[in-house]
Amino acid sequence: MNQKQLRCWLWSVLYACLASALPAEVPSSPTIEFLPKTPFVAVDEHSQYLNVDLQVSNPSPRELRLERIELSVFDGEGRLVLRRFLADGPWVTAGIRTIPERLVPASGVLMIFNPFHRFDAGVPLKRLRFDLTLRETETGAVRRVAGDVTPAAYRPATRLVLPIGQRSIVYDGYDFYSHHRRIDISNPRLQAIGFTEDTPVRYAVDLCVVDETGSLYTGSPSNVEDWHSYGAEVRAPAAGVVVSVANDVPDNGIRDGELIY
């Protein structure tokens, strides 16, 4: 090895040592994950209801604040047919305040329940693009992130009937305001009990038996036997085979005005 080759070899070794000593580059760009990845669109005679939410991940060491969220809707030909946005600033309507939590922690995540959840029946929801503008609370630097999602029309595989033959109401369902949907799966406590990107109750419906006046119970709500739903006959909602039955789950109750699970 001549002197020139030796110098090149020494520089290569020195560069490799320095490179290995440097900390790995930390990604700084936020990302969007859609929950669920393929959302369903429920339809009635007047509207379409999009069941999808966003989880924003912030891998950077700086806190971010959501300043703008914009939705663009495209038809099957890729043409823009609708655009909506919420923004915060001195010259715009601060509709973004309908999103209560807008801070994405450093090296953390933020669950955003999609505010654009209802559309007129004729809008073609073929592809939806979400554009988010976030700002570092410490430096004021702007970060932008975008993502596309393709919803699917819900087509049930089986014709279902109500499992309760008595007069009943849907006490809570799976619309935008429902507690079945507003579950923050980034919460470590929920992750510990098995909640994933598509929560097991996302499309749940709570049915309650009522009387002619719409009352849920007669007497005291603290007594489970006074509820019209207590002891009601539950029928199979479709043809099939029962593969499992459980009868060891304690009844819910009410204590001091609070529901006890």
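Predicted model: local features only at pLDDT ≥ 70, side-chain atom pairs only at ≥ 80, totals over all residues.
Some ground rules. Local features need pLDDT of at least 70 and side-chain atom pairs count only at pLDDT 80 or more, while totals for chains, interfaces and linings use all residues. Residues are numbered from 1 along each chain as its sequence is written, and side-chain values use heavy atoms, with hydrogens and water left out.

A pocket here is an open set of points on a 1 Å grid over the protein atoms alone, where a 1.4 Å probe fits, with protein on both sides within 12 Å along at least five of seven lines; lining residues have an atom within 4 Å of a point. Volume is the space filled by probe spheres set on the points, which are joined across faces, edges and corners.

The largest pocket holds about 1200 Å³. Its lining has 29 residues, and Leu207, Cys208, Trp227, Ser229 and Asn252 lie nearest the centre. Strands S13 (168-172), S14 (206-209), S15 (253-255) and S16 (258-260) each give two or more residues to this lining; strands are DSSP runs of E, at least two residues, numbered from the N terminus. S14 gives the most, four residues. By class, the lining has 19 nonpolar, six polar and four charged residues. Nonpolar means Ala, Val, Leu, Ile, Met, Phe, Trp, Tyr, Cys and Pro; charged means Asp, Glu, Lys and Arg; the others, including Gly, are polar.

Next, the second largest pocket, at about 690 Å³. Of its 26 lining residues, Ala42, Tyr154, Tyr174, Tyr203 and Val205 lie nearest the centre. S2 gives the most to this lining, with four residues. The classes are 20 nonpolar, three polar and three charged.
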